[in-house]
Amino acid sequence: MILKSTLRRIGAALIVMIGISMLIFAIARVMPGDPARIALGPNATAEQVAALRFERHLDASLPVQYFEFLKALSRGDLGRSLYTNRPVTTDIAQFLPATLELVVVSAIIMVLIGLPLGIMSAHFRGRVPDHLGRLIALIGVCTPAFVWGVILQLFFGYFWPIFPIEGRLLETTPVPQGPTGFYLIDSLATGNVSTFFDALHHLILPALALAMSGLGQTARLTRANMIDVYDKPYVEMERAYGFKPFRIATRYAFRPAFIPTLTILGLEFAAMLGNAFLVEKVFGWPGLSRYGVEVIIRKDLDAIVGTVLIIAAAFLIMNIVVDILVGFINPRIRLAAGKG
Amino acid sequence: MSEPGSPVLPKRGGSKAVAAYFGNPLSVGGLLIVVVIVMLAALADYVTPFPDHVGPIGDFAAMNTGPGETYKLGTDTMGRDLFTRIIFGYRLSLIMAVVVLAIATPIGVIVGLVAGYKGGWTDYVLMRLTDVFLAVPPLVLAMAIMGFLEPTLMNGMLAITAMWWPWYARLIYNVTRAEAQEGYVLAAETVGASTAHILFREILPNCWPSILTKMTLDVGFVILMASSLSFLGLGVQPPTPDLGSMVADGAKYMPDAWWLSLWPAIAILLVVLGFNLVGDGLREAFEAEG
Amino acid sequence: MTEAVLAIRDLRLAFGSRRSQSAVLHGISLHVRAGEKVALVGESGSGKSVTARLAMGLLQESPKVHATGSIRFDGIEAIDGGPEIARRRGNRVAMIFQDPTSALNPTFRIRGQFRDVLRSGGRRISVADADARAEAALAEVSIPDLKRALDSYAFQLSGGMNQRVMIAMALANRPALLIADEPGTALDVTVQAQTLALMHDLTEKRGTAVLLISHNLGVVREFADRVYVIYRGRIVEHGTTAQLFRDPLHPYTRALLAAIPKISGGGLPDLPERSPDFESPMITHEGCGEPQGFSA
């Protein structure tokens with residue numbers, strides 16, 4: 001049953017994914033201008049443009065074009081980047097891990113700081129720690145990630161230089177070889193502890209800059225949901241039976257409040273995938289962003305479509321994971337699933 | 001509730017909401033920030049010390065000077081007064097936000113109303129379409145749209161509008177779904193009111209508090225999004241003053257010319273914070289009014 | 001006469017900010033002696049539930065609650081709440097709620113919640129001991145499949161079953177006083193009667209004092225030894241159950257009793273008009289005065 005509901009979610013995600021591919025395809029093809037001309041630039045000859053139009057089926061009707069696009073997609077072919085002159089999938093495989101590592105570490109920071117901050121606010125509702133927590137959360141939400149990047153760089157990279165401000169590793173540190181492309185994991189897998197710490201050292205500032213907005217949102221949601229839960233009869237029962245206030249805050253009121261919070265965290269993850277572009281630019285992070293911005297500026301059609309699709313897919317996968325997690329945490333859903 | 005003998009008070013009251021709003025110092029502070037910024041931006045030509053620094057040319061004798069007597073916040077690499085450019089940047093940001101919301105909100109509201117009220121296939125198609133937009137990180141979608149367009153002010157607004165309406169569709173859809181079951185809607189249906197009447201005269205008025213609250217919050221968030229785009233070089237092009245590009249340009253001269261990035265960065269934070277505080281205050285005020 | 005476990009004297013309560021307050025209780029005095037069953041009867045909004053919550057120190061933390069007077073319980077003063085009364089919650093005094101199912105946390109099994117009940121007041125108890133005691137407590141309230149009940153979530157059990165679990169939790173630490181706030185009103189009448197009988201027997205056997213908060217005169221008549229009638233934040237009549245039902249003296253009590261036959265289940269009707277007579281002074285039946293001096 002839990003398998004069945006998961007399959008249904010995957011099915012729904014696939015429909016949305018097809019929708020996204022149509023949307024991005026439509027944007028790419030319907031926009032004014034000849035995509036082949038845009039892609040090749042003003043110096044290309046008419047023959048070159050015509051050749052590209054033929055190669056990309058640009059003279060066919062839109063449905064035919066879309067069908068060709070889907071056919072290629074089903075073979076795992078996202079086309080060729082005119083910028084790098086390599087298959088788009090190769091480019092993405094090279095740049096995606098750095099972005100994902102950054103986003104995953106940010107998501108961990110977001111949860112590890114945002115949840116306690118929200119719990120603290122709810123527990124001390126209306127008192128000084130609450131005001132402080134809400135202020136931190138609010139400033140987190142209201143500040144774009146690149147502003148955090150610049151501020152963190154300025155203070156912890158220049159004025160008090162305790163963190164590096166660029167790249168994933170020192171130039172002297174050998175790049176860890178491994179299957180994941182996550183330096184933290186690959187370095188540990190090969191037993192290279194100094195590389196691990198160097199990679200971590202480089203990750204902290206950008207990950208924090210990227211986490212701030214989601215962290216604030218997490219704290220705000222946790223606080224709001226916990227305050228709802230504090231009004232429930234079972235919390236009164238827990239107080240009437242002498243449960244310690246700290247234990248109620250961190251356990252008995254937290255878990256029911258965490259279920260609705262978790263479903264929203266998926267959206268925060270999406271925002272992070274987007275904001276990663278900003279943070280990567282600030283910290284010279286060699287991820288998908290540099291590539292993405294570059295291909296956008298160069299009107300590199302296939303590469304743009306591919307990048308957007310991959311990011312959308314990452315978001316949808318994350319949402320499915322969140323849904324499954326919610327099912328496991330919420331006993332009503334878990335038990336209903338177990339029965340069937 | 002209005003007192004019978006007081007013709008001055010409007011019928012629907014609102015005094016509770018006003019009291020709730022002004023009872024919260026944070027909401028008042030937010031309003032203050034917003035009013036000051038809007039006034040400065042509106043009167044930018046008169047209140048800024050160097051209005052001609054909006055263009056590409058500044059005071060070349062004073063390039064890259066730190067905060068001081070003449071240039072309170074310092075100058076940029078062209079010798080242009082940062083304070084002046086930040087205020088003009090505010091003007092541009094506010095215009096963008098207003099235009100984007102003026103287009104995105106009605107689209108989203110209509111989609112949400114129709115999908116929520118009609119149900120069935122209309123609902124399914126419209127809301128799946130909304131889901132598609134919501135499943136791409138907003139910044140990435142706006143970037144992709146910008147990728148096929150020239151980076152101009154108009155196109156920037158277009159890109160942001162295209163990714164903004166689904167949020168209103170989602171919000172109004174949920175409200176409409178709940179309201180459609182209410183007695184007053186059923187009553188209107190029984191007397192044969194037209195769909196348009198029910199949507200815009202019966203249901204929509206109940207959505208106004210949520211719409212106004214969200215729009216206020218969103219002025220800040222549209223500015224945030226626009227500055228993010230221009231930070232990536234996908235927004236307004238120089239020499240037009242733009243907060244996001246100012247941060248990006250200044251970052252190249254860190255840490256020596258720290259003021260280049262820091263002031264516009266704080267300027268963005270302030271305006272988003274201001275509109276957020278006002279939005280939160282409005283939400284509480286509407287809740288207090290009930 | 002035995003000593004009072006709970007003695008409330010001239011309890012006044014106002015809600016609100018410093019500028020605008022609304023008074024809810026206007027000087028309530030009542031007491032419950034060891035092993036005694038006392039009912040506090042009134043309409044909803046009369047202040048009976050807040051009285052019970054104040055006695056447990058549950059409301060005093062809020063800056064909007066302003067309580068004066070005296071609440072003596074178990075040798076301590078609880079009018080301002082605080083750690084002393086907090087330490088006694090769950091073991092010296094326990095509470096049973098209106099709807100047992102919503103009073104149990106839906107995201108934790110009964111077992112975990114029971115462990116924390118047994119740990120109330122900072123007691124240390126091993127997991128194995130706690131589970132053994134929880135099973136023993138559930139056996140006493142005649143729950144058939146102990147392990148299954150402990151491993152269930154509240155939403156998997158029936159309302160009557162949850163009520164039994166609540167009673168087991170309430171009595172597990174042998175409290176001196178049990179406060180029952182409209183117990184089982186959310187359940188159907190038969191189940192409600194069963195669980196009330198169960199509660200009656202268990203508290204009788206152990207000599208646990210009970211303060212029953214109710215709007216149901218039928219339940220009160222069956223259950224209580226002594227009754228306080230509360231109307232708009234004031235006690236209007238106080239007597240033994242026999243005295244009060246045989247010879248109601250206060251106009252409000254009379255109106256209540258006169259209204260009973262018209263409604264089913266013995267619940268309180270919403271009296272249509274508010275007679276000024278209802279505001280007349282409190283009547284105390286013979287032999288039912290408040291104890292002099294604080295012995296609790």
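Two strands pair if DSSP finds at least two bridges between them. The views below come from a predicted model.

**View 1. Strand β4(C) meets strand β5(C) in the sheet of chain C.** Strand β4 covers residues 65-73 of chain C. It is joined to β5(C) by 2 bridges, and the two run antiparallel. F73(C) stands opposite I76(C), a residue of β5(C).

**View 2. The open sheet of chain C has 4 strands.** Their order is β2-β1-β4-β5, with antiparallel pairing. β2 (21-33) and β5 (76-77) of chain C are the edge strands. Each of these pairs on one side only. Helix α1 of chain C, residues 48-55, packs on the sheet. α1 touches β1 (4-16), β2 and β4 of chain C. The direction of α1 makes about 115° with that of β1(C).

**View 3. Helices α5(A) and α13(A) cross within chain A.** Helix α5 spans residues 88-123 and helix α13 residues 288-297. Their axes come within 7 Å and cross at roughly 130°. That angle makes α5(A) oblique to α13(A). On the α5(A) side, the contact involves D91(A), I92(A), F95(A), L96(A) and T99(A). They meet L288(A), S289(A) and Y291(A) of α13(A). By class, the contact has 5 nonpolar, 2 polar and 1 charged residues.

**View 4. Chain A touches chain C.** Here 16 residues of chain A are in contact with 24 residues of chain C. On the chain A side, the elements giving two or more residues are α10 (233-240), α11 (245-252), α12 (254-283) and α15 (331-339). α10(A) gives the most, with 7 residues. The chain A side divides into 9 nonpolar, 1 polar and 6 charged residues.

**View 5. Chain B is built with 11 helices and 0 strands.** Along the sequence its pattern reads α-α-α-α-α-α-α-α-α-α-α. The C-alpha atoms of chain B fill a box of roughly 75 × 55 × 25 Å along the principal axes. Of the 290 residues in chain B, 49% are buried. Among contacts in chain B with a separation of 6 or more, 68% link residues 24 or more positions apart.

**View 6. Chain B and chain C share no contact.** The closest C-alpha atoms of these two chains lie 13 Å apart. In the model, 2 pairs of chains touch. Of these pairs, chains A and B have the most contacts.

How values were computed: Residues are numbered from 1 along each chain as its sequence is written. Chains are lettered from A and ligands numbered from 1 in the order in which they are written. This is a predicted model: local features need pLDDT of at least 70, side-chain atom pairs count only at pLDDT 80 or more; totals for chains, interfaces and linings use all residues. Axes are lines fitted to C-alpha atoms, for helices over the stretch in contact, and angles run from 0 to 180 degrees between N-to-C directions. Angles under 35 degrees count as roughly parallel, over 145 as roughly antiparallel, 65 to 115 as roughly perpendicular and the rest as oblique. Two residues are in contact if their C-beta atoms, placed from the backbone, lie within 7 Å. Ala, Val, Leu, Ile, Met, Phe, Trp, Tyr, Cys and Pro count as nonpolar, Asp, Glu, Lys and Arg as charged, and the others, Gly among them, as polar. A residue is buried if 20 or more other C-beta atoms lie within 10 Å of its own, exposed if 12 or fewer, and partly exposed in between; C-beta atoms are placed from the backbone.
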